[in-house]
Amino acid sequence: MDLKTPLSERDVRRLKVGDVIYLSGIIFTSRDKAHSRVVHDNETLPIDAKGLAVYHCGPIVRKDGKRWNIISAGPTTSSRLENMESDFIRSTGIRMIIGKGGMGEKTTKACMEYGVVYCSFTGGASLVGADCIKRVKDVFWLDMGIPEAVWVFEVSRFGPLVVSIDSKGNNLYEDVKRRARTRV
Amino acid sequence: MSDLDQIIFDLIKKASTDLPKDTEKALLYAYKKETDRIAKLQLKTILENVRLARERQLPICQDTGTLIFFVDVGIDFPYKREIRNSIYKAVEIVTNAIPLRPNCVDPFTDKNTGNLGEKIPWIEWNVVEGKDCKITLLPKGGGSENCSALEMFNPSDGMEKIEDFVVNHIVECNGKPCPPVIVGIGIGGGADIAMKLAKRSLLRPVGERSKNKTIADLEERLLKRINGTGIGPMGLGGKTTALDVHIEYASRHPASFPVALSIQCWANRRASVIIKEDGDIKWI
């Protein structure tokens, strides 16, 4: 399934766990430090993120002249952001989270309440990811270091993304884990 | 760059961009036998990424890891003095050349210092007989490293309890360490020794069993149990959760039974080179 940003609440509420999607439009990165700046320091995200997707990612970039080139951009472990993500959703108005490894109960609840989905991108697939990034539209908060800065990407058919937390309260990771516990 | 700088430069490049064939083969096997739609898609994306990295000579993963060098240096190797400086120099140059992600953060100032930092890259020295030097690089990613574990068992706990600990831990880690993983287990010695053995066990090729029959059987049994849980590629469900289980051990103290886990993601990056006394090199 193909989707384009800005995503509407209706776009997102239709998605269910197990759907495979490819996303085009604008996504931006935010990981530990940028999340903390928004959630703990109450700073305003430097972009209008309404309807966009946040990507848990610390890329490898290279500056050629004035132009930033993305060399490698796979997802980072999302669970590190579990304590901050619901507040991040509330203050930014994002509609999609892209990461790896899944998120917990707090984020699942926020996805239901605000109409957001969590999508898994294959961990380590950094070159497949970089190939979907057409250009770096902007970068903010570079003072936090390259992996932690907020990178704004224009992407074309970014994916494959697997909807693993939908806005109906389903969490694929928790289902897999629950089943696994009975098979130990 | 000196010849030694260049060799280490090439070693870092090989480890970061060229997934060992044993690991790729295991991933391909996992892909072929997988029937779950989502799991198959994960493995297909992984294999595509491995191919792209090799073709373009770019890092397999954007997390290019903490660089850990295992140096088995012959007591009569003539260039002992140069090894440390060559490692530092090559790391600095290669960071911009490949490029690698700047991955050294000072724990107190939070400053990112590139890939050279306090005691990092880490060098694990081992003095051996002879005139050769073997250098192995293990770039270790943060996501899988965060899934490390250590448990100090009672000697009376028994092997079953230890096996349960390993399997339960992999289940609770779920998708976090980027499965299918390689599970490195260190048993005995002491807390630090068990952890070092666990990490060192990751240097063994995927598919290679311990030479000790009892240990080899335990590795097989654990692999089967871990894959029976169905955690699957990326924790999204499926047949392959681990590509292999490797166990290294040391004698234990009568009162202690340490068991350490070092988990490696599917991007099981490692490379080795042997440097001869006369400067000849052999890639492994």
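Predicted model: local features only at pLDDT ≥ 70, side-chain atom pairs only at ≥ 80, totals over all residues.

Reply: Residues are numbered from 1 along each chain as its sequence is written, and chains are lettered from A and ligands numbered from 1 in the order in which they are written.

Me: What makes residues 159-173 of chain B a helix, and what span is expected?

Reply: A helix is a DSSP run of H or I with at least four residues, whereas a strand is a run of E with at least two, and both are numbered from the N terminus. Helix α6 of chain B has 15 residues. The expected span is 1.5 Å times one less than the number of residues; for α6(B) this is 21 Å, and the helix reaches 21 Å from its first C-alpha to its last.

Me: Which residues of α6(B) are called buried?

Reply: A residue is buried if 20 or more other C-beta atoms, placed from the backbone, lie within 10 Å of its own, exposed if 12 or fewer do, and partly exposed in between. B:V166, B:V167, B:I170, B:V171 and B:C173 are buried, so each of them meets the cut-off of 20 or more. These buried residues pack against several elements, including α6 (172-183) of chain A and β5 (181-187) of chain B.

Me: How many residues does each chain give to the contact between chains A and B?

Reply: Two residues are in contact if their C-beta atoms, placed from the backbone, lie within 7 Å. The contact takes 40 residues from chain B and 39 residues from chain A. On the side of chain B, α3(B) gives the most, with ten residues.

Me: Why is one side of β4 and of β6 of chain B left without a neighbour in the sheet?

Reply: The open sheet has four strands in the order β4-β7-β5-β6 (chain B), with mixed pairing. β4 (149-153) and β6 stand at the edges with a single partner strand each, so one side of each has no neighbour in the sheet.

How values were computed: Pairing = 2+ DSSP bridges.
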